[in-house]
Amino acid sequence: MELVKKENLEIVKKEDTSIKVADTITMVSFYIGDFLFGIPASQVMEINKEIDITPVPLSDEHILGIMNLRGQIVTVMDLAKKLKIDLKVTPKLNLIVKDEGESPISFVIEEIGEILEITPSKLEKVPDKLEGLSKEYIKNVYQLPDKLLLILDIEKIVKE
Amino acid sequence: MNFDEDILQDFLVEAKEGISKLEEGFIELEKDPKKIGVLKELFRTMHSLKGASGFFGFKTLESIAHFSEDILSKLRDGLIEPEEDVVDILLKAVDYIKYIISYIEENKVEPVEDKILDFLVELSNFNEKLRKKVQEKPKERIGEEKIEEKLEEKKEEAEKKIEEKIEEKKEVKLVKEVKEEKEEAPLSPHVELAETHIKVDVKLLDQLMNLAGELVLARNRVVQLSQKTMDEELTRSVQILSMITTEMQETIMKTRMQPIGSIFNKFPRIVRDLAKALGKKVNLHLEGTETELDRSIIEAIKDPLTHLIRNAIDHGIETPEERVMLGKPEEGNLILRAYQEGGQVVIEIDDDGGGIDIEKIKKKAVEKGFMSFEEVERASEKELLNLIFKPGFSTAETVTQLSGRGVGMDVVKANIEKLGGSIEINTIRGKGTNIKIKIPLTLAIIPALIVTSGDYRYAIPQVNLKELVNVDPDKDLLKVGNTEFYRLRGEIIPVLRLSEVLKVNGKSEEQRNLVILNTGERFIGLLVDRIFASEEIVVKPLGRWFKNIPIYSGATIMGDGKLALILDVVGLSQFVGISIEEIEKTYEGAGIKIKTSAQETIILLLFDVGEERFAIPIALISRLDKIKANEIKISGGKEIIIYRDEVVPVIRLENYLPLKGMPLQESYNVLFFTERGKTCGILCTNIVGTLETTPEIEEGIYTQPGILGHRIINGKTTLFIDIYKIIEMYDPDWFIVKVEKEKVVKRILLAEDSPFFRGMIKNYLVGAGYEVETTENGKEALNRLFSGKFDLIITDLEMPEMDGFELIKEVRASPDYKNIPIIVVTSLAGEDVRRKVLDLGANAYEVKLNREKLLEEIGRLLS
């Protein structure tokens, strides 16, 4: 029993320090259609252009296929399709994101944006008026001076 | 008490190691109770377990370890004998320790359960009983005994306290420490072994594997570039890099290999417990424990093996009484054997029990509706045995607690097939059962056939591959409903078009390549665009998005860095719309004969050399492959190729037979012929296909050394080649075995009605130095036998006038020849036939085309 107690204690401690040190979170931002999305930089592995994608017949519509990232098989997801954003062409840029315990996953995106430092306390709920994409995969929004940054719920996107 | 998670982990790891040491030790001890070394080791292990659990405050664990240690110390000092009840309770203690450890692993605390406390009481009482027994014995070492007694008293006190779950234990510990010091003293000094092994995280090894694979690809690119620049120094460096890379990859592969002993060693305990529970006596032999396998396979093979061993003891081996009645030794033998064979690991489970009752299977098959009465009568022994692997089929009359735990043989088979392996049963009623499991050495790298559909490549694991056929889809495929079928030597095989399964859009090129696949249950044909060569591929798992697509089992990275999906043959077979049974019904109704008659048939491989067509039994060919013309090199005046790191001489038939020969070609097909580890290749223009047919040939016009005869097949004259003669013409020493020829030439009488086999067998017997007389049936053979002197008879079974069975009977009935050795050669492979001919008095039974085995058998019988 004592062991369990100590474990809890440690977790509490960790949370304390992390909040104190990290006042801001670094976000990688990118564009798909008219939307600006954000993913915590800690989850992004790399950005890659024009990697050969091998289609996997019979897979879901939003899965473009698989690709070879230095010997690892990486699944490529058409994020626009997953988020139900209406796009004329399939984007070509690969944003490769870690997937805990599994091989990484790549989202194809249109254009990479700035690296942003955001303050977690200023994160807001997803507004009702947001339209043109399926909101269930957006965790929070963050008001930038000129645009609304949509923070993606990576875990949900990957698992569902 | 506070302690770190890490330390607890260390404790758990150590405890688990300890447990397996204990288990092995106890079994060894039972075999040889005098092994003092084992006892000392057991004592030490138990002692450190006790110490560690005391440190963590796992009191129940500590107590169990303590009492066990106590019993062990008495054993070690020779105060008591390792009788069955002693070993039993110690093993039980190990079981509880195991249980507690796994509970701690999950919950971080000790379990509080009545059954554990009950056992603790039992253990403590047992210990007490032993103590009294020891005291009753005449005392030899009085001085020591006195101290011992005092200690025992104090310990008794302590034991009571534990039973009452009183936490205060300081006193006990003190006493124990005193005692331990005394006990440790007479032990031999612990020999320090140099550390040759370290523990490495498997993930790290997997990552290394990955990187090595990548390095190979990068190396390939560098090699290509260096070839372009033609810089000598660069080329040399690249060569070195290349060599090192290959070596490194191989070494890393090896790190994943583990001896199969790591699971085999768990079986002595299981067998012991099971045999005891069932009142049987079983002697388990482990063979080939050092055979290495990929660790992931080792893990996966454990459960199926356990199940098979359970079956062998439960259903196979008889009770001691039964065995004695049958004239067998009381103790049943169970052999667990592993060895490597041709890139695969074979595991055999061999028992000398009662064997499987085929009649019972037949009865059950009808009862449970697996087969109709007529089908059962027609079915071969193999087909009947395979029923065991069907879901819902079990031969045990009563499901016992041990082997009937809801997992059947169907699960065993499925699990083995999942590993890319196969399973086979052979049984002889009254003599025993042999189960043979073949599994690949590693799951990570498998040989696969690369095919295409549209622009993409797909890999098909070689284990599922039966054969390749070139078809004309319009002519050769039949359609029933929406499903297409192909008739392969009388067997109806459903055909899938890969492009349709994959729903690839657009009309792809005409598909003429039919890949016949074996799902383990049945055959299916897969029509693909193109077929590439066979390659060794590294299997990589697909992400979670593809788990519900049954047709893939992974992906692989090809030499050019592109990806290919690996097809799952069982998954593909789900796309077959109609069952074969329905088709057979349709066709039976239309009066089309599906099954070929029981007539003797062989499968021929047809091939062209220049404009001539040839045939050879496919069983004689070890491999088919394509080579480029520039791969043929001249060495020592002979043409050779380097094939799979081996120098293989190539033979051009036109050099030995009056042929026009081949025009120059960019690439050639090669038929490989292997015997006794020697391989040669026969060059041909192209492979026409295979054909199952009777071995009828016409002799005369074309007959000459190297040609057995001819026949018109598909409107073309086809020459049947005698490969043994041709190779002998190429190299007269090829078949000569380094055994001194006997002075007296042995005479063999050969009875064989097929001129094809007659010619071939005669030629290779003569080549091996025997004198051979040929006859065309049993009657002729019998007449010849009575008029000449022979040392051995070789006979076919199916012959006109008098068949082989009759001939054996006649020969054995005649007083002059009843002892002449008889070898039966046949193409009818089957256990029942074998048994029949051996019962009739034949000395051996061989398959016709297996020259090597036949010669070996002749040698044995004539020596």
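Predicted model: local features only at pLDDT ≥ 70, side-chain atom pairs only at ≥ 80, totals over all residues.
**Exercise 1. Why does Ile557(B) count as buried?**

Residues are numbered from 1 along each chain as its sequence is written, while chains are lettered from A and ligands numbered from 1 in the order in which they are written.

*Step 1.* Take the cut-offs: with C-beta atoms placed from the backbone, a residue is buried if 20 or more other C-beta atoms lie within 10 Å of its own, exposed if 12 or fewer, and partly exposed in between.

*Step 2.* Ile557(B) has 22 C-beta neighbours inside 10 Å, so it counts as buried.

*Step 3.* Now place it: Ile557(B) sits in strand β17 of chain B. (Strands are DSSP runs of E, at least two residues; helices are runs of H or I, at least four; both are numbered from the N terminus.)

*Step 4.* Look at who it touches, leaving out residues up to four places away in sequence: Asn68(A), Gly71(A), Gly213(B), Val538(B) and Leu563(B). Contact here means C-beta atoms, placed from the backbone, within 7 Å.

**Exercise 2. Describe the side of chain B that touches chain A.**

*Step 1.* Count: 27 residues of chain B are in contact with 23 residues of chain A.

*Step 2.* Find the elements that give two or more residues: α8 (202–229), β17 (552–557) and β18 (563–567) of chain B. The largest share, 4 residues, comes from α8(B).

*Step 3.* Sort by class: there are 16 nonpolar, 5 polar and 6 charged residues. For this, Ala, Val, Leu, Ile, Met, Phe, Trp, Tyr, Cys and Pro count as nonpolar, Asp, Glu, Lys and Arg as charged, and the others, Gly among them, as polar.

**Exercise 3. Check the span of helix α4 of chain B.**

*Step 1.* The expected span is 1.5 Å times one less than the number of residues.

*Step 2.* For the 24 residues of α4(B) (84–107) that should be 34 Å, and the end C-alpha atoms are 34 Å apart, which agrees.

*Step 3.* Pick out buried residues of α4(B), among them Val86(B), Leu90(B) and Tyr96(B). Just past the helix, Lys108(B) takes a positive phi of about 70 degrees.

**Exercise 4. Which strands stand at the edges of the chain A sheet?**

*Step 1.* Write the order: 5 strands form an open sheet, β3-β6-β7-β5-β4, with mixed pairing. Strands pair if DSSP finds at least two bridges between them.

*Step 2.* β3 (44–49) and β4 (63–69) of chain A each have a single partner strand, so they are the edges.

*Step 3.* Zoom in on one pairing: β4(A) and β5(A) (72–77) run antiparallel over 6 bridges.

Terms used
Contact = placed C-beta atoms within 7 Å.
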